[in-house]
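Dear colleague,

Please find the structure below, together with its sequence.

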Amino acid sequence: MILQWKAVMTVAENRPLIEVKDLKEYFNINTGMFRSRPLKAVDGVSFTINKGETLGLVGESGCGKTTVGRTILHLYKPTGGEIRYEGRQIKTKEDIRNFRKKATMVFQDPYSSLNPRMTVSDIIGEPLDVHNLCSSKEERHDRILELMDYVGLNSEHAARYAHEFSGGQRQRIGIARALAVNPDFIVCDEPVSALDVSIQAQVINMFDELQEKLGLTYLFIAHDLLVVRHISDRIAVMYLGRMVELADAAAIYDHPLHPYSKSLLSAVPVPDPKIARANKRIALTGDIPSPLNAPSGCPFRTRCPYAAEKCAESMPPFEEISKGHFVACHRLAEINR
Amino acid sequence: MALLEVKDLRTSFFTDAGEVKAVNGISFELDHGKVLGIVGESGSGKSVTAYSIMQILAGTGRIVGGSIKLDGEELVGSGENVMKTVRGNKISIIFQDPMTSLNPTYTIGKQLTEAILLHTNRDRKQAWDRALEMLRLVNVNDPERRMKQYPHEFSGGMRQRVMIAMALACEPDILIADEPTTALDVTIQAQILELMARLQKELGMAIIMITHDLGVVAQLCDEVIVMYAGSICEQGTADEIFYNPHHEYTKGLMRSIPTADTAGKKLRPITGTPIDLLNMPKGCPFAPRCENAMKICITKRCERMEINSDHAASCWLNVKRGIENGTISPDAFNDFAVEGGDDRG
């Protein structure tokens, strides 16, 4: 089969590929025999991702970043809000089926996301079978070898099982599987967190190269802020099911405006002793509240050093304060004076 | 005299597939009140080094050679009775996952006092008070109520605080921390690192910090050991290792970390995959992945060589550079080569 390279796009186009509006995802948690309460994992999140762009999504565990990724792909049925792909809302089963030919996912754990009873060629070939993308066995075989070549696996590896590979190679298999349907959009859910530093860098470079070659759009979910900074064009910061800040990667890193983004970034251990010693950390006290008992008003107010009365009263709106820089904070003006 | 002196330590695991040399001849010293970082990737032997010092190796693991001296007293081969007086009293350890280190069926208070009763002469009441004092020391709010709670009622960061309280209850000279913040979120990690730095200053103990995160090392450590495949590549003060690395593996690791400067550029990762400990090459273990490997790297292991008084590395490139600069005479060359029958192949 002739290589199906898409138009080479190195610069992100200013056309939204994915639009998410007021997305909500509640899970019902049983709190008694006949009682249940909603756990608001994602509570009204809106953003867009342009074609060819990488949007980084960061936040601590339990903030809902993985749920956002999964809900976009309709692995969870959204409780509310809408998701548009190339301007068209995804609603019916038919829409979802078509959407999944264009949007796939790479999972965090390369050990549990590959079926140990399938060979590499079957794992990579499964999406081809599900979506009937290959008309003959030869075509399927060629496509699988082509995909393995994209991600730097040898063709001899095709008949082996996942357990024969190291973590980095397994993640390559997972990426080849995500690429099988020839997608436009990939949700990368912590794809390098389980890998060693030296292997992590190899995989990050591969994500970069694939994006250039195939014109892919990524939603890159991670908790490692250095990795996200490296790979993302824009970055969104989440806290307790809400988005608190969204801006260009450089803007967020150099001038974070939301108090949570500030403390999150200052908490990152920098691999440089002199900077680390001089670094003034904005220490946060306490832990993230449970999403079952989220605080009233601004979700961050219980740990925020600047919290005032009005923060408890209402949720601050997610506003665009300069071009492309969104922040949700009542006391923004006072804090960043 | 150094507080802890490890010399040519060798620890192996005897598996069905053969002997795995997890720690293959490492030597280092730790002084009172110093923070030593051991960095390396998975399988580099950094955790096994810690378990060897504590002699808590699992299953088929055994110390097969070398010596570990604590305050001049030899620990290797000293027997379980001696080790019982060392563990908890003189050397304590905290692990990566605080959930699996705590017993879910006992209250925090019970587990804390148990450790104190076992190692000191306090009675039950005094042990309880000591436990409360320790919880206050690690900034656990409302310790009286917390003592009666079970581990599942604590968050990850709080559990790690409890583990630190337990480890420090008997005022050990050395605290070994095995990836203590890897399972925690960044803001919680920052809290725990700050706590450890504060306690280290207040109590004056030495810390061995085992981690894969060079950022954590930069923040906390005075001295650093870089390990690869069971051997030490490079050791020295934190500043020397970060600003003046002299081993290709250390340099590769530093290059692999994304920073603000690398945004939009390609990273330069170390190529290849980590070494198979069952099939160790006879030369430098890093040679198969090294960009600048020379012939000698594949055939002979490089001995530790001093770069300056604060810094030593085991890399043939340093020897080559030394000969080129005239600081090492080519005649001395043989002294750096490891003599040994099986190394000759």
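A residue is called buried if 20 or more other C-beta atoms, placed from the backbone, lie within 10 Å of its own, exposed if 12 or fewer do, and partly exposed in between. Helices (H or I, at least four residues) and strands (E, at least two) are DSSP runs numbered from the N terminus. This is a predicted model, in which local features need pLDDT of at least 70 and side-chain atom pairs count only at pLDDT 80 or more, while totals for chains, interfaces and linings use all residues. Residues are numbered from 1 along each chain as its sequence is written, with chains lettered from A and ligands numbered from 1 in the order in which they are written.

I begin with strand β9 of chain A, residues 234-239, which is mostly covered, six of its six residues being buried. A:R234, A:A236 and A:M238 point one way from β9(A), whereas A:I235, A:V237 and A:Y239 point the other way. Strands count as paired if DSSP finds at least two bridges between them. Strand β3 of chain A (residues 54-58) pairs with β9(A) in the parallel sense over four bridges, and A:L57 has A:A236 as its bridge partner. Strand β10 of chain A (residues 242-248) pairs with β9(A) in the antiparallel sense over six bridges, with A:V237 opposite A:E245. Two residues lie between the strands of this hairpin, where A:L240 takes a positive phi near 50°.

Elsewhere in chain A, A:F185 belongs to strand β7 (residues 185-189). A:F185 counts as buried because it has 21 C-beta neighbours inside 10 Å. A:T217 is 32 residues from A:F185 in sequence, yet their C-alpha atoms are 4.7 Å apart. Contact here means C-beta atoms, placed from the backbone, within 7 Å. Leaving aside neighbours within four places in sequence, the contacts of A:F185 are A:L17, A:I18, A:K102, A:A103 and A:T217.

In chain B, the axes of helices α4 (residues 108-119) and α7 (residues 156-168) come within 9 Å and cross at roughly 25°; axes are lines fitted to C-alpha atoms over the stretch in contact, and angles run from 0 to 180 degrees between N-to-C directions. B:I108, B:Q111, B:L112 and B:A115 of α4(B) meet B:V162, B:A165 and B:M166 of α7(B).

Finally, the contact between the chains takes 37 residues from chain B and 35 residues from chain A. On the chain B side, α8(B) gives the largest share, seven residues.

With kind regards

Methods:
Two residues are in contact if their C-beta atoms, placed from the backbone, lie within 7 Å.
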